[in-house]
Amino acid sequence: MKHIWLICSDNRTGQYLTQQLHDVLGDAARIRTLSLREEPLPASIDADLVLLTARRMARAVSGAVTPRTPVLTTIRTLLRKDWQELMALPAGARLLVVDEEEVSATLNVVMLAELGVNHVQLLPWSPGQPSEPDVDLAITFGQGHAVPRWARQVRDFGPRPIDPVTLNDVLTVLGLTDPGPRQRLQEWLGRAVTRHPGLAGAVGALGDLTQFIETVLDFSSDAVVGTDAAGRITLFSRRAEALFQLPASEALGRPARTLLPGDGLDQVLAGQSLPPDQPVTVAGTVVDMTCLPLRQSGRVTGTATLLRLPPEPGPGGARTAARKRGQPARYTFADFVGQSPQLKRVIARARQIARSASTVLILGETGTGKEMLAQAIHNASPRQKGPFVAVNCAALPESLVESELFGYEEGAFTGAVRGGRQGLFEQADGGTIFLDEIGDISPSVQARLLRVLEERQVLRVGGSRVIPLDVRVIAATNQDLADLVARGRFRADLYYRLNVLSLKLPPLRQRPEDIPLLVQHYLAQQGYHGPVAPEVLAALTRYSWPGNLRELRNCVEHMATVAVGPIGLDDLPTTVLGAGHVPAPAEPPLSPQREKLIMLRILADADKAGERVGRGAVRRRLAEQGIHLTEAEVRSRLAQLTAEGLVVAGRGRQGSRLSPAGWALVRQGG
């Protein structure tokens, strides 16, 4: 019999988790529970395994645990019924996530975000913090005593269960390979919402098929759906999420027959074999389905279903054509990590923009996630099944930009391949082309690009045939395009053609409350589950992050690589550790010319829509573009534009509109 020490903060949590471990392990292990709040730590702990319910406990028990005893920190999750209750809350609701410790409250927010509870605003709170106005609901997990009295509605979900991934780690560390614990773990997969659906689903792949399923998930372009013996979904790959347009957190635990043809699934679960690559229709798409039984000791314990697009006629088939036409867009809005109001506003607006077919301009500093946002917009748009072609305009040599973007005909220049070549715009036909660093293209290419955007046609280099296109353009830049227009370095007509729908991603220094969430997210990606000292999180929050998310990701990788035990200040990169209290760099000053052009453009857009906008509306639309002025400042600017003869001020509630001179300036770009 194996011996386990479960170390937790309070008896209520200890009793709940002990029962869960008994549910899985049965008589294979004896569990000794110790509550650090109620009991002293013994001088020595010698066992087959020590389980900690929080990372912060590692330092406290390090002196007592013998060197030969393995230590695991549990990953905690939610029961499916509790998760469904949270997902049913109205979008935009403000939830106070309460714990008696600030770090635990923040980690609970991370856990909820990883489980897909992103449609509400999650506010971590612990005693001693200021009150939060207009909170719709206070939730806690067994910490009801910490809930503030001013919270009008309270929901205590009780202690959170251990994630099935940790339970699988327990079985692995203890060397328990018997069918009983594995089968009971499968039952927990249907009761809990796992934070790692791909890995947790692999628990159900027994024997030699385990490695097979993991390989399929990691390297195959097929969608993979796994079930248990009852036909409930236990595995749902990222490709399956894209095919069914359903997150894994919602698919896991539901009957597979709601997504897949039930007859074939029943036959495989009954032990019968089916021919591979059977054409079926799922989610409105014709795919080839292969359903395999998973067996243990001759008994069918589940299924693995592979779904692939059938090959198209012609050389290479559909997959070769897809590879030629573009790269898969991997990211969705669910991949954004953060609860700051700035990020939530951008994501909410991007969701609306995704439904449109209009051109999008994404603004933001280097490393803020502009391509990630472009991919999310593509995946939420009606073009999601079309190609996504990403182009770094700054990386293309000047001599090759036109031929790469627009293609060329045979003999167009020395070295042109026989038969000519499609350009990137043609490869994106039916989908989305993402033009990153758009501010770096030359004037000649700007003129060609403007014609493509206006005519939705492309003319290859050296060609005479116009090729029609059905492409959505998403452009991005870290430069001030309006300022480049004012200085004559960027065409005004192209700027206004690109700036139909605009989004501005905030730099990381403007959303410091997201840094702890991002750190935990990146650490999990690195496979690190040890504790992080509070002073480390404080240092990371103070740092200005000129490289934004990209720099933070590199920093976390550095910490996870060099840390021996809990992550401390010595594990920080020297650039971050030596920065100390570096003040965040100020935003670049807004040029008067750019401000004038933006205000005139707002009035022009309103006039085209048949609207008359007043000072309040102008102020709100300026704020959407990152320009924050008081109402008095807006009144002063409009008065100045009126004095210059560019704006005509209406009486009463008629608002303001452009004069003929103002329209001329908008068309000329200043």
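Colleague: Which residues of α20 are buried?
Modeller: The buried residues of α20 are Ile515, Pro516, Leu517, Leu518, Val519, Gln520, Tyr522 and Leu523, where buried means under 20% relative accessible area, exposed over 50% and partly exposed in between, with a 1.4 Å probe and protein chains only. This is a predicted model, in which local features need pLDDT of at least 70, side-chain atom pairs count only at pLDDT 80 or more, and totals for chains, interfaces and linings use all residues. Residues are numbered from 1 along each chain as its sequence is written, and side-chain values use heavy atoms, with hydrogens and water left out.

Colleague: And how many residues of α20 are buried?
Modeller: Helix α20, which spans residues 515-525, has 8 of its 11 residues buried, so it is mostly covered. Helices (H or I, at least four residues) and strands (E, at least two) are DSSP runs, numbered from the N terminus.

Colleague: What do those buried residues pack against?
Modeller: They pack against α4 (102-114), α21 (534-542) and α22 (548-562), judged by contact, which means heavy atoms within 4.5 Å.

Colleague: Which residues have the most contacts inside the largest nonpolar core?
Modeller: Those are Leu112, Ile139, Leu540 and Trp545, in a core of 46 residues. A nonpolar core is a set of buried Ala, Val, Leu, Ile, Met, Phe, Trp, Tyr and Cys residues joined through side-chain atoms within 4.5 Å. The elements that give two or more residues to this core include α4, α20, α21 and α22.

Colleague: What is Trp545 in contact with?
Modeller: Leaving aside neighbours within four places in sequence, Trp545 is in contact with Leu508, Ile515, Leu540, Glu551, Leu552, Cys555 and Val576.

Colleague: Changing topic, in what order do the strands of the open sheet come?
Modeller: The 5 strands come in the order β17-β18-β21-β16-β22, with parallel pairing; two strands pair if DSSP finds at least two bridges between them. Because β17 (388-392) and β22 (501-504) stand at the edges with a single partner strand each, one side of each is left without a neighbour in the sheet.

Colleague: How many bridges join β18 to β21?
Modeller: There are 4 bridges between β18 (residues 432-436) and β21 (residues 472-477), and the bridge partner of Ile433 in β21 is Val473.

Colleague: Which helix lies across those strands?
Modeller: Helix α14 (residues 370-379) does, running at about 150 degrees to β16 (360-363). Axes are lines fitted to C-alpha atoms, for helices over the stretch in contact, and angles run from 0 to 180 degrees between N-to-C directions.
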